[in-house]
Amino acid sequence: MFEGSLLAVDVGGGTQDLLIWEAGQPVENAVKLVLPAPTQIMARRLARLTTQGKAVFLTGRLMGGGAVTQAVRRHLAQGLPVYAGPQAALTLSDRLAQAQEWGVILTETPPPEAVSLTLGDVDVEGLRRLLDYWEVPFPSRVAVAVQDHGFNPDGSNRRFRFEHWQRFLNAGGRLADLAYRHPPDYLTRMGAVAEALPGALLMDTCAAGVRGALLDPQARPRLEEGLMVVNLGNAHTFAALVRGERLWGIYEHHTGLLNQAKLFSHLARFQAGELTHEEILADQGHGCAYTPDLPRPPAFAFTVITGPRRRLARGWPGVFAAPFGDMMLTGCFGLVSAFLEAEKSSNLLAESL
């Protein structure tokens with residue numbers, strides 16, 4: 001039986017969402033935080049150093065790129081040096097040679113004139129200081145969600161990610177199988193979190209979001225007949241066809257490349273099992289995948305929508321999900337659900353619904 005508290009951290013491209021779950025405490029009274037994503041924080045720190053004209057040294061671990069990668073490119077464009085340790089440099093590209101082509105100098109030793117920035121998806125010491133200030137004990141258990149494309153230096157990360165998803169679907173698509181204590185070696189971003197937080201439960205942000213959305217009271221009664229979950233995140237839009245304990249289809253695109261008409265077209269054809277992977281890949285999205293035994297319509301007619309960019313789906317015939325009354329913590333609730341299931345304590349969450 002689970003006792004104590006759990007820190008759930010859902011790391012996105014725009015925000016990082018945090019929840020401290022305690023057994024027996026009303027969820028409404030839990031400590032909750034919505035903060036800028038680590039990549040946004042690092043990008044802001046680097047931008048300040050760019051303005052000051054200072055050299056930088058990137059140390060620490062692989063983390064989500066996005067904003068921090070763009071900030072590095074802007075720093076280099078100003079003729080300012082960027083040094084990086086090999087592990088931190090993997091944040092910028094799976095191919096270290098590519099980062100070097102941009103002008104990044106790989107070194108284990110920081111030059112004396114460079115300001116060090118420590119990369120990582122979870123700033124444990126920063127969170128400890130924050131919680132300590134507010135007299136909140138740091139939880140003994142941690143669950144973290146990150147989006148992991150997988151390490152693929154010789155090809156497309158987007159293709160590689162969907163090869164991973166297709167293997168998962170072909171193996172049965174059980175949602176429970178997407179929570180890891182020891183992630184596959186090629187999921188190097190999760191691996192970096194595991195090194196920083198030994199024993200943490202790890203999930204992909206998309207899986208955590210789906211799992212959390214299914215806790216919404218409007219979703220749970222539809223689970224056996226099947227439904228589509230749509231998570232419109234700041235950086236990525238993810239949809240899943242779900243029935244019972246299985247995912248039957250997966251769709252993923254970049255939110256910034258979608259408008260309402262395109263999104264609705266994609267969702268309608270995805271729901272019917274007619275959307276193709278190559279179409280989404282050609283549109284600079286991640287892709288689309290199905291199980292070999294995908295049920296035919298209307299198996300997934302009901303739709304649950306979540307995510308900070310959910311307004312894009314207004315007008316779609318579905319309902320907006322807000323598990324435990326808090327949409328921004330959907331991924332965190334998914335992490336808690338997965339953790340408690342792994343601890344054989346899932347009834348603790350059920351009692352709160």
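Reader: Why is P323 called buried in this model?

Author: The model is a predicted one. P323 has a relative accessible area of 0%, and buried means under 20%; therefore P323 is called buried.

Reader: Where does P323 lie, and what does P323 touch?

Author: P323 belongs to the loop between β16 (319-320) and α11 (330-342). Not counting residues up to four places away in sequence, P323 touches G212, L215, D216, T330 and F333. As for F333, the two residues stand 10 apart along the chain, and 7.6 Å separates the C-alpha atoms of P323 and F333.

Reader: What makes the buried residues of α7 line one face of the helix?

Author: The residues concerned are R189, M190, A192 and V193, which are buried in α7. Seen down the axis of α7, the buried residues fall within an arc of 155 degrees, so they line one face of the helix.

Reader: Which strands do the buried residues of α7 pack against?

Author: They pack against β1 (5-11), β8 (141-146), β9 (179-180) and β10 (201-204). Contact here requires heavy atoms within 4.5 Å.

Reader: What makes up the largest nonpolar core?

Author: This core has 64 residues, and those with the most contacts inside it are V144, L227, V242 and L247. Its largest share, 7 residues, comes from α11. Apart from it lies another core of 23 residues, with V230, Y251, Y290 and A299 among them.

Reader: Why might nonpolar side chains be found buried together?

Author: In soluble globular proteins, nonpolar side chains tend to be buried together.

Reader: Which residues is L227 in contact with, leaving aside its neighbours within four places in sequence?

Author: L227 is in contact with L214, A219, R222, A240, L241, V242, A299, F300, F302 and V304. One of these, V242, is also among the residues with the most contacts inside the largest nonpolar core.

Reader: How many residues line the second largest pocket, and which lie nearest its centre?

Author: The lining has 26 residues, of which G120, V122, D123, V124 and G126 lie nearest the centre. Two or more residues each come from β3 (31-36), α1 (38-52), β7 (115-119), α5 (124-133) and α7 (188-196). The most comes from α5, with 5 residues. The volume of this pocket is about 570 Å³.

Reader: How do the residues of this lining divide into nonpolar, polar and charged?

Author: The lining of the second largest pocket holds 15 nonpolar, 6 polar and 5 charged residues. Glycine counts as polar; therefore G120 and G126, which lie in the lining, belong to the polar group.

Definitions and conventions: Residues are numbered from 1 along each chain as its sequence is written. This is a predicted model: local features need pLDDT of at least 70, side-chain atom pairs count only at pLDDT 80 or more; totals for chains, interfaces and linings use all residues. Side-chain values use heavy atoms; hydrogens and water are left out. Helices (H or I, at least four residues) and strands (E, at least two) are DSSP runs, numbered from the N terminus. Buried means under 20% relative accessible area, exposed over 50%, partly exposed in between (1.4 Å probe, protein chains only). On a 1 Å grid over the protein atoms alone, a cavity is a set of points where a 1.4 Å probe fits but cannot get out, and a pocket is an open set with protein on both sides within 12 Å along at least five of seven lines; lining residues have an atom within 4 Å of a point. Grid points are joined across faces, edges and corners, and a volume is the space filled by probe spheres set on the points. A nonpolar core is a set of buried Ala, Val, Leu, Ile, Met, Phe, Trp, Tyr and Cys residues joined through side-chain atoms within 4.5 Å. The arc is that of the directions from the helix axis to the C-beta atoms.
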